[in-house]
Amino acid sequence: MELYRSHILVCGGTGCVSSDSLKIEERFKELIEKNDLQNEAKVVKTGCFGLCEAGPIVIVYPEGAFYSQLKVEDVDAIVSEHLVKGRIVTDLLFKESYKEGEMQSINDVGFYKKQERVALRNCGVINPEIIEEYIAYDGYEALGRVLTDMKPEEVIQVVKDSGLRGRGGGGFPTGLKWDFTAKADGDQKYVACNADEGDPGAFMDRSVLEGDPHVIIEAMAIAGYAVGANKGYVYIRAEYPIAVNRLQIAIDQAKDMGLLGENIFGTDFSFDMEIRLGAGAFVCGEETALINSIEGKRGMPRPRPPFPAVKGIFDKPTLLNNVETYANIPQIILRGADWFSSIGTEKSKGTKVFALGGKINNTGLLEIPMGTTLREAIYDVGGGIPNGKEFKAVQTGGPSGGCIPAAHIDTPIDYDNLIELGSMMGSGGMIVMDEDNCMVDIARFFLDFTVEESCGKCTPCRDGTKRMLEMLDKIAEGKGTPEDLTKLQTLAKTIKNASLCGLGQTAPNPVLSTLHYFMDEYEAHVHDKKCPAGVCKALLNYMVIEDKCKKCGICAAKCPVNCISGTKGKTVYHIDTEKCIKCNACLEACPFDAIKKG
Amino acid sequence: MKSLEELRKLRKDSLDQVDMRRSGKGTRIVVGMATCGISAGARPVMMSLVEEVKKRNLQDVTVTQTGCIGACRLEPMFEVYRTGEEKVTYVHMDAEKAKKVIAEHIVNGQVVSEYTIGAYEK
């Protein structure tokens with residue numbers, strides 16, 4: 001095995017790949033060859049580093065230089081300066097990692113400082129396509145110990161003691177689920193992994209599969225041993241091509257090495273697994289719909305019970321866990337239940353990965369201990385709100401969750417606190433909103449998503465969400481009546497109570513939570529026909545502030561429908577609100593802030 | 001994979017591949033690799049250091065490079081940083097001398113005084 005003096009880690013996560021990191025990787029290889037450094041420097045393609053905002057990201061070791069927002073052209077400078085001459089190209093470093101002329105370790109950068117990486121521990125560190133790198137970081141050790149040293153019930157006990165709860169949203173105790181499946185009667189059992197990540201803006205499961213696919217294989221084999229299954233399915237959406245590809249490579253490598261297959265580690269335990277691709281229907285993240293889809297049927301939920309632990313894939317007892325849940329398992333085995341349960345709060349143990357997006361400086365993936373407050377996540381890790389705007393609310397849990405207003409920003413994040421606030425953990429999307437977001441519009445956005453994704457099997461979800469959306473549309477257009485607000489609430493509660501599956505039961509949450517915390521905004525839309533945030537177009541009027549207008553005519557030149565009249569240098573300009581299409585072009589163009597909307 | 005021992009052996013062999021990326025403190029050997037250093041022969045010195053570290057399976061030792069430190073007449077040179085110890089600067093190095101430094105200084109903790117900048121300047 002060759003030893004290199006320098007490792008160049010290029011992020012190969014979807015975020016960085018879409019901003020050309022693969023071309024950057026190619027360019028590095030090309031220039032390293034050209035400078036005859038191929039025996040000294042190694043280029044490694046890794047999974048997501050999490051700080052997607054700063055992508056494409058490259059880290060050069062042993063110095064740990066954290067280069068951000070690179071372009072292909074920048075590679076020349078890094079090779080000729082850093083690799084050949086040993087001078088770090090400070091201009092290209094992530095700006096927070098370079099202070100007062102000194103490079104800081106990335107672990108001291110605000111974004112990483114408060115994080116604790118368990119599920120993401122190998123993401124951005126190893127090359128996900130090389131099994132030896134996973135093994136070097138204790139990979140498959142947990143599986144080896146479990147198979148040679150532990151009884152299935154001991155494994156389940158460790159998972160129970162750890163306090164791990166399902167990371168896919170509901171937060172059901174993982175150990176109990178394992179226990180139910182182990183105790184269920186059946187000649188054949190299955191383990192399955194839910195990688196049908198569908199919440200808009202959530203991408204933690206994709207990042208684990210792209211950055212550390214072997215951890216899922218190892219954890220599923222452990223689960224298979226614990227519950228008595230010899231076959232695993234990973235249900236993953238076809239929209240994640242990089243994740244699918246790397247997971248397949250990992251499965252093939254594990255088979256070649258005998259880490260999957262017959263008599264693993266010389267024991268009588270045999271385990272095999274395969275990937276099932278989903279076509280990206282949101283409802284297939286629901287466990288019974290997912291099972292139907294794996295079986296080749298239409299992805300629709302069925303009533304529970306029976307739960308999958310009793311009657312799952314092909315009617316056999318099936319253990320179904322989410323990607324992030326599995327990613328915790330090998331570490332729990334290796335470091336013990338006590339270690340895991342020492343992290344987090346009383347009822348929510350361990351860490352949680354969040355995908356931070358919206359009006360936030362550090363868009364990306366973060367893993368923080370349960371019990372971290374929303375404020376710490378948003379300001380310390382997320383770097384706060386851009387452009388000096390004011391924080392208004394944070395939406396957690398995607399279309400199933402709700403909006404948490406600024407008043408509750410010091411709430412420690414755990415399953416129960418979020419539910420108490422009318423939201424939920426969900427898979428871990430966290431969308432930050434500032435003063436420019438209209439809460440009626442936000443509720444409409446999420447409801448629009450659930451209306452599209454409702455499978456249509458049960459009436460409350462199929463018709464109820466559609467009617468709710470119509471009412472929200474009415475309110476946003478300024479045609480809402482006070483009765484609409486009460487009807488919305490009644491309908492929301494009915495849908496929650498009467499829907500068949502989690503999709504419908506949680507679909508009204510974005511509406512209910514915004515009604516609860518931001519009733520004044522709804523009332524402004526209904527009573528005053530105004531949108532306080534200036535988002536709902538039908539309620540907006542643009543006008544020229546006559547005192548401020550300098551008669552320059554720039555607004556009239558920019559207007560795409562010629563609805564602004566006036567004479568350059570002579571008269572104040574005027575907007576014809578009848579013709580105005582509210583495109584905002586004049587407001588952005590005016591150099592004197594003489595145009596207002598409201 | 002037939003046994004846990006087999007896995008552990010593979011892990012030991014694989015560790016070299018990734019060792020550099022762990023944030024171990026340990027020893028840092030920094031080789032001057034500016035134009036002056038390279039033209040004076042710093043590259044074979046560095047390769048010799050890297051090979052020796054690997055051959056002896058030294059943990060927590062990183063070999064890295066830096067630019068010109070201003071004493072170009074003394075190149076090739078490198079500096080050894082260890083936590084809790086003064087920095088040691090070795091000058092006029094070659095591949096053989098580098099091996100000796102690894103053996104005596106890095107492994108046995110005895111600074112090779114005759115090669116240091118202090119000895120040269122006297």
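In this predicted model, four strands of chain A form an open sheet in the order S9-S8-S7-S10, and their pairing is parallel. Strands S9 (272-278) and S10 (318-322) of chain A take the edge positions; each has a single partner strand, so one side of each is left without a neighbour in the sheet. From one strand to the next, the twist averages 20°.

Turning to helix packing, helix H10 (residues 213-227) and helix H13 (residues 323-335), both of chain A, pack at an angle of about 75°, and 8 Å lies between their axes. Angles of 65 to 115 degrees count as roughly perpendicular, which makes H10(A) roughly perpendicular to H13(A). On the H10(A) side, the contact involves A:Val215, A:Ile216, A:Glu218, A:Ala219, A:Met220 and A:Ile222. These meet A:Val323, A:Tyr326, A:Ala327, A:Ile329, A:Pro330 and A:Ile333 of H13(A). By class, the residues of this contact comprise 11 nonpolar and 1 charged, with no polar ones.

On the scale of the whole chain, chain A is divided into domain 1 (6-112), domain 2 (131-340), domain 3 (351-434), domain 4 (439-526) and domain 5 (541-597). The centres of domain 1 and domain 3 of chain A, taken over C-alpha atoms, are separated by 29 Å. Their contact draws 7 residues from domain 1 of chain A and 8 residues from domain 3 of chain A. On the side of domain 1 of chain A that touches domain 3 of chain A, there are 4 nonpolar, 2 polar and 1 charged residues.

Finally, the contact between the chains takes 28 residues from chain A and 27 residues from chain B. On the chain B side that touches chain A, helix H1 (4-18), helix H3 (42-55) and strand S2 (61-66) of chain B each supply at least two residues. H1(B) gives the most to this side, with 10 residues. The side of chain B that touches chain A is made up of 12 nonpolar, 9 polar and 6 charged residues.

How values were computed:
Residues are numbered from 1 along each chain as its sequence is written. Chains are lettered from A and ligands numbered from 1 in the order in which they are written. This is a predicted model: local features need pLDDT of at least 70, side-chain atom pairs count only at pLDDT 80 or more; totals for chains, interfaces and linings use all residues. Axes are lines fitted to C-alpha atoms, for helices over the stretch in contact, and angles run from 0 to 180 degrees between N-to-C directions. Angles under 35 degrees count as roughly parallel, over 145 as roughly antiparallel, 65 to 115 as roughly perpendicular and the rest as oblique. Two residues are in contact if their C-beta atoms, placed from the backbone, lie within 7 Å. Ala, Val, Leu, Ile, Met, Phe, Trp, Tyr, Cys and Pro count as nonpolar, Asp, Glu, Lys and Arg as charged, and the others, Gly among them, as polar. Domain bounds come from an automatic or database domain assignment. Two strands pair if DSSP finds at least two bridges between them.
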